[in-house]
Each structure stands twice: as structure tokens, then as C-alpha cells.
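I opened a notebook page for this structure.

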Amino acid sequence: MIRGMTGPDGVLLETARLRLRRFTADDVDHLVALDADPEVMRFLTGGVATPRETVRDEHLPRILARYDHTPGLGRWAAQERSTGEFLGWFALDPSDDGTEAELGYRLRRAAWGRGLATEGSRALVRHAIDTVGVRRVWAQTMAVNGRSRAVLERAGLRYVRTFHLHFDDPIPGTEQGEVEYELLRTDRPPSAPGRR
């Protein structure tokens, strides 16, 4: 097994406080509850929950299908390492050719303010560059989402641009645009052997 790829238990990697594992069909309720929190969805849908049918019939099947398509990339259930409690997810969504990955995360409010978003993001950035070998990790968020922007910076990504998209149904803050951050493989020295 390549270091950092999932083992028989479906775990991609562990940090001091997190375990990132493959999703399973049994995670529908976790995802529905996560997306039902208006604060979690504030900068995504303006607080509107994702319907259960959409999670069950569209989102989760797409997540599960991606694991075999691009090993080491995809969306990973985040659990508290000490308790096994579901906290949310982290993602390295692959480009069509697998040479780039989009970093993302969504965590329950109970996990906010503890540095877990930064911890998981840093680990996935290292994994993407050092283990998978992508040439670029990038992320986007709303310009007004200061907390996510700070996480991206702490994870080693740098601001690239602000851009504006047209939405038929804009949510508050849309008028300030979206921002893009990135880290190129050539920008980051490899991790020391044996470190994650």
C-alpha cells in the first residue's frame, strides 16, 4: 500500500485529533444533519438545507464512485480520533485528469473554533502534494467568508484572485465576489520522510 492511501479500514490518514476515512452508504444521516444546519450552509446556500433525497441519491453516490477513479483523492468523512464522533468532511476533489485537487471542508458547528479545519486541511495538502503528487491544490470561497480564508492561508495556500460569478439567486455577500487560493507543488518543499 502506498503511504497515505486508504487501508482495509477505509482510513486515508490520521492527524493528532482527526481520522479521515472513506464515506460509506451508512453516512447518509451524518451528511443530512451536517447540511441541515443553517450556519454550516450560510456561505454555500444562504442557510438552506440539502434535501435528504439529494444527499442519498446524488451526493453520496458521486462521492463513493470517485474513490476508485482517482485513488488518494476525493471526499473524506472526518471523525474525532479519540471518540469516533462524526465531525464533517474534508475534500481533495480531483480535476478531470487528476493533476490538480480542490481543497474543501465542511464541519459541524461543534467542531468550529478548535483548529480542526486547519489541521485537516494541512494534512490533506501534504497528502496531495507528497503522496498523490498533484501539481496544484486550490480552493475557492466567498470573499466575505473570513474564517475559511484564514484556514486556507494557514494551510499554506496563497491568495490568487477575486472574481465575480452570476447567480440567479445570490446570497448575502455575493456582491463582494469569490476568492481563489492555491499552492503549487513547486512552491512547497516535500515533507520529511515518515511524517504526515
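**Entry 1: the chain as a whole.** Before reading off a pattern I needed to know what counts as an element: helices are DSSP runs of H or I with at least four residues, strands are runs of E with at least two, and both are numbered from the N terminus. I also noted that the model is a predicted one. With that settled, I read the order along the sequence as β-β-α-α-α-β-β-β-α-β-α-β-β. The tally is five helices and eight strands.

I then looked up how compact the chain is. Its radius of gyration is 16 Å, close to the 16 Å from the globule rule for 196 residues, so the chain is as compact as a globular protein of that length. The C-alpha trace spans about 45 × 40 × 35 Å along its principal axes. Of the 196 residues, 48% are buried. I wrote down the surface too: the chain exposes about 10,200 Å², and carbon and sulfur atoms supply 50% of that. Among contacts with a separation of 6 or more, 62% are between residues 24 or more positions apart.

**Entry 2: the record.** I checked UniProt, where an unreviewed entry places the feature "domain: N-acetyltransferase" at residues 18-186. In the model, this span is 33% helix and 29% strand, and its end C-alpha atoms lie 27 Å apart.

**Entry 3: the sheet.** In what order do the strands of the open sheet lie? I found β1-β2-β3-β4-β5-β6-β8-β7, with mixed pairing. The edges are β1 (11-14) and β7 (158-163), each of which pairs on one side only. From one strand to the next, the twist averages 25°. As a reminder to myself, strands of a sheet pair through backbone hydrogen bonds, either parallel or antiparallel.

**Entry 4: pairs of strands.** β1 runs antiparallel to β2 (residues 18-22), and three bridges join them. Val-11 has Arg-21 in β2 as its bridge partner.

Next I looked at β3 and β4, which are antiparallel and joined by six bridges. One of the partners I looked up was that of Ala-78, which is Gly-88 in β4. The two strands form a hairpin with five residues between them, and Gly-84 in the turn has a positive phi of about 80°.

β4 also pairs with β5, again antiparallel, through seven bridges. Here Ala-91 has Gly-104 in β5 as its bridge partner. This hairpin has five residues between its strands, and Gly-98 in the turn has a positive phi of about 75°.

How many residues of β4 are buried? I counted nine of the nine, so β4 is largely enclosed by the rest of the structure.

**Entry 5: helices on the sheet.** Helix α3 (residues 52-69) lies across β2, β3 (74-80) and β4 (86-94), and runs at about 110° to β3. Helix α4 (residues 116-132) packs on the sheet as well, touching β1, β2, β3, β4, β5 (100-107), β6 (136-142) and β8 (178-184). The direction of α4 makes about 30° with that of β4.

Entry 6: Last, I picked Pro-170, which is in the loop between β7 and β8. Is Pro-170 buried or exposed? The cut-off for exposed is over 50% relative accessible area. Pro-170 has 52% relative accessibility, so it counts as exposed.

Technical notes: Residues numbered from 1 in each chain as written. Predicted model: local features only at pLDDT ≥ 70, side-chain atom pairs only at ≥ 80, totals over all residues. Heavy atoms only, no water. Pairing = 2+ DSSP bridges. Axes fitted to C-alpha atoms, helices over the stretch in contact; angles between N-to-C directions. Contact = heavy atoms within 4.5 Å. Rg over C-alpha atoms; globule rule 2.2 N^0.38 Å. Buried < 20%, exposed > 50% of the residue type's maximum accessible area, 1.4 Å probe, protein only. Areas by Shrake-Rupley, 256 points an atom, 1.4 Å probe, with all protein chains shown as cover. UniProt positions renumbered as here; feature names shortened; annotations may be inferred.
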